[in-house]
Amino acid sequence: MDRNESVFERFPDYIREYIYQHSWEALREIQLLAAESIFYTQNNLLLTSSTASGKTEAAFFPILTMLEGNLPESVAVLYIAPLKSLINDQFSRIEELLDISGIPVTHWHGDVAQSHKKKLLDKPRGILQITPESLESMLMNRSNDLIRLFHGLEFVIIDEVSMVDIFLMNYLVKAIYLGTKLVLVGDIDQLPSVGPGSVLKSIINSERFVTVYLDKIFRQAAKSKIILNAHNVNKGEGFIGKNPDSVDLKDDFFYVNEYNQNKMLSTILSLSKDRLKKYGDYDFFKNIQVITPSKKGLIGGNNYALPPRC
């Protein structure tokens, strides 16, 4: 039995069926390495890649396998991500897989209803997705519940780890119990944290973590110009725009070269209110964000003629 068969046979039926349905002929090398690290070692794991390279699947196939028929009576997986939007959207690709697994998934941040959080407090189980701010609040305000909530914790997953500075990582590592596996997920090509240190690069250079680099775009994402252009930027290549060779790609990326702020503002408003509706039913205030490098000026963050900004 080769490596691919050995790992594949360990997956429960619903994960194997998921792989069949997505027409994967074999597991990729990086998926094998991640699974072998989680299945056969006590090592912590670092998954690093660019956009849409399959970090979620590489981490969660073996983690869900380890929890199959062995779910503790507490939170088993603590998944920490810095953004509420990441918490809400991260598992969309494998939502069906999680439903079939029967493993509860709880989102926990400021926009989640108290009734939803109460279900976890009453019966802690499965996977908890939480922001750092909400986790801090939980640690401070529910200290009497922590042992009951986390006594069987098996995995701590830190997403977007490139945003973590050296002080925060120090506190994190010291707080994790011996026997709980730490899985770090991040993009080596992103900017380092605002705080001191370049933690992700330092961890890779230390060679203390098993490091798996995902460098291939998932087939489903390979038709997105956003994803392809993100990889092109990393490789120092030009943008894919409108050209005959891109007819099979999604029209989800547009590059407008403009230097005049009045024309920039006019273009942003025109796109937001009218032109983008050809590509989806976007709401001016709910679905569009304008990211701008300055607060001042016509296209600055203080100009409330613009759609909401992040």
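The legends below describe close-up views of a predicted model.

**View 1. A nonpolar patch on the surface that includes F167.** Four residues, I166, F167, L168 and Y171, make up this nonpolar surface patch, and together they have about 460 Å² of accessible area. F167 belongs to helix 10, which covers residues 166-175. The relative accessible area of F167 is 52%, and the residue therefore counts as exposed, the cut-off for that class being over 50%.

**View 2. The second largest pocket and its lining.** The volume of the second largest pocket is about 960 Å³, and among the 27 residues that line this pocket, L78, I80, L135, L139 and L172 are the closest to its centre. At least two lining residues come from each of strand 2 (77-80), helix 8 (132-141), helix 9 (146-150), strand 5 (155-158) and helix 10, with helix 8 giving the most, namely five residues. By residue class, the lining of the second largest pocket comprises 21 nonpolar, two polar and four charged residues.

**View 3. E160, a residue other than glycine with a positive phi.** In the loop that runs between strand 5 and helix 10 lies E160, whose phi is near 55 degrees. Most residues other than glycine have a negative phi.

**View 4. E207, a residue other than glycine with a positive phi.** E207 is located in the loop between helix 11 (199-206) and strand 7 (210-214), and its phi, near 60 degrees, is positive. With a relative accessible area of 68%, E207 is exposed.

Definitions and conventions: Residues numbered from 1 in each chain as written. Predicted model: local features only at pLDDT ≥ 70, side-chain atom pairs only at ≥ 80, totals over all residues. Heavy atoms only, no water. Patch = residues over 30% accessible without salt bridge, like charges linked within 9 Å, V, L, I, M, F, W, Y side chains within 5 Å. Areas by Shrake-Rupley, 256 points an atom, 1.4 Å probe, with all protein chains shown as cover. Salt bridge = Lys/Arg side-chain N within 4 Å of Asp/Glu carboxyl O. Helix = DSSP H or I, 4+ residues; strand = E, 2+ residues; numbered from the N terminus. Buried < 20%, exposed > 50% of the residue type's maximum accessible area, 1.4 Å probe, protein only. 1 Å grid on protein atoms, 1.4 Å probe; cavity = no way out; pocket = protein on both sides within 12 Å on 5 of 7 lines; lining within 4 Å. Points joined across faces, edges and corners; volume = space filled by probe spheres on them. Nonpolar A, V, L, I, M, F, W, Y, C, P; charged D, E, K, R; others polar.
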